[in-house]
Each structure stands twice: as C-alpha cells, then as structure tokens.
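Student: I have a model open and want to learn to read it. Can you take me through it feature by feature?

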Amino acid sequence: NGATLTTDRFGNVNSAYEFDGQNDFIEVTNVSNLDLSNTNYTISAWALIDNIGLEYQQTVVAKRESGPTPPFLGYHMVFNSNNNYFLYQVAGGGNPLVNGGNNSASYGVWHHIVITYNGNVTNFYQDGILLNSSTSLTIASTPVELYFGRDGNPITTVDYYLDGKIDDVGFWQRELTISEIQ
C-alpha cells in the first residue's frame, strides 16, 4: 500500500522498504503464531527515521487493536518523536511499555531494535546494547493483521505512519541470546 523498495543499510538496491509518513504501509493477513502470547519470543527490526512524523509516534511494526483507552490488545514497536526514542508497547492495561530512553535515537541513522521476552522479562535492545527491561509486559492475543509502517489500530483515526525505512524484520518464538543480537 504505497511502500516502495529502496536501498538497505548496506547499500543494496531494492532490499529495504521506504515509507512516506503520509499513507504508506505494508499489511500482512493475520497469522496466529505472530500473536506472541503465552510464548517466549524475539522481534527484531532495523529502522531509519527520516523526519518528524504527522503524529508524535511512527510505527515500525504493529499487531494490535484498541479502543480510545487501554487495555490495548497486541503489540507495537514505534519511534516517539517527542522524546527521540524507540519504544515497545503491549496489551495489559496501564499502558505498559519499554523504551530506549530520551534522545537515544537519531534521525537519518539506521538503528537495530530488538525486543526479547523469556516468559517473565521483556528486554529492549538498541544497536546491540540492552537499554531497558520490564517484568510487567504480557501480550493478550489479538486476531488482527500485522502492519509495517502504520499502526494496527482500526478503531481510532490515528495511524502513526512511518517517515523512514525498515529493513530485515524478524520474529522468533524464542529469546535470542545477546551474541545472536549483536
């Protein structure tokens, strides 16, 4: 839906996707094993943010639905333009999330974001460094589509479109080790 092939972080042509921040996204039909509830998992993505987006957040990966207030069902990985950091938010009321910390990300630079969960602890890695952990993030299964470049929230009018690029997204139903992440 508008996303175009572009040069990846290694300079390879047509090997990453670019999103215009206006209306570009990729939609993947619901796949239940990407619900990531009741399992160990890892989500990994390389993202480059070009500019401040239309909204204060820009979505890298989302598989969620919600109403105007929590609890959110599912998960999303976004860039927060207000604080210049990536964050990962899941279902469970109270808006539970982990993030990289204020001003931890830069525009125009590729960042490797990795989220791991081992049944108890959610870890947030950026560029191979563990920046944050939480024991309060549990995903509630949600049978909705997976999105790249926009939020998966069909109930509100906020889409959190990405103005940037995404490369090498991966999902594992296990926690990757630090050596695998680096």
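The dialogue below takes up the sheet, the aromatic rings and the backbone in turn.

Tutor: Keep in mind that this is a predicted model.

Student: In what order do the strands of the open sheet run, and with what pairing?

Tutor: Read a sheet across its strands, neighbour by neighbour. Here seven strands form an open sheet in the order 1-2-13-4-9-10-11, and the pairing is antiparallel.

Student: Which strands stand at the edges?

Tutor: Look for strands with a single partner. Strand 1 (4-6) and strand 11 (129-134) each have just one, so one side of each has no neighbour in the sheet.

Student: How many bridges join strand 4 and strand 13?

Tutor: Seven bridges, in the antiparallel sense, pair strand 4 (residues 41-49) with strand 13 (residues 163-172).

Student: Now the rings. How many aromatic pairs are there?

Tutor: Ring centres within 6.5 Å make a pair. The count is seven aromatic pairs. One of them joins Tyr75 and Tyr88, with 6.3 Å centre to centre and 40° between the planes. Planes under 30 degrees apart would be stacked and over 60 edge-to-face, so this pair counts as tilted.

Student: Which parts does the pair of Tyr75 and Tyr88 tie together?

Tutor: Place each residue in its element. Tyr75 belongs to strand 6 (residues 73-80) and Tyr88 to strand 7 (residues 85-90), so the pair links parts 13 residues apart in sequence.

Student: Are Tyr75 and Tyr88 buried or exposed?

Tutor: Both Tyr75 and Tyr88 are buried.

Student: Which residues do ring pairs link into a cluster?

Tutor: Phe25, Tyr147 and Tyr161. Then check for charges over the rings. The charged end of Arg150 sits over the ring of Phe25, 4.8 Å from its centre. That charged end also sits over the ring of Tyr147, at 4.7 Å from the centre.

Student: Last, the backbone. What is the phi of Asn103, and where does Asn103 lie?

Tutor: Look for positive phi outside glycine. Asn103 has a phi near 60°. Asn103 is in the loop between strand 8 (97-99) and strand 9 (110-117). With a relative accessible area of 59%, Asn103 is exposed.

Student: And where does Asp168 lie?

Tutor: In strand 13. Asp168 is not a glycine, yet its phi is positive, about 45°. Its relative accessibility is 44%, so Asp168 counts as partly exposed.

Methods
Residues numbered from 1 in each chain as written. Predicted model: local features only at pLDDT ≥ 70, side-chain atom pairs only at ≥ 80, totals over all residues. Heavy atoms only, no water. Pairing = 2+ DSSP bridges. Helix = DSSP H or I, 4+ residues; strand = E, 2+ residues; numbered from the N terminus. Phe/Tyr/Trp six-rings, centres within 6.5 Å; stacked < 30°, edge-to-face > 60°. Buried < 20%, exposed > 50% of the residue type's maximum accessible area, 1.4 Å probe, protein only. Lys NZ or Arg CZ within 6 Å of the ring centre and 35° of its normal.
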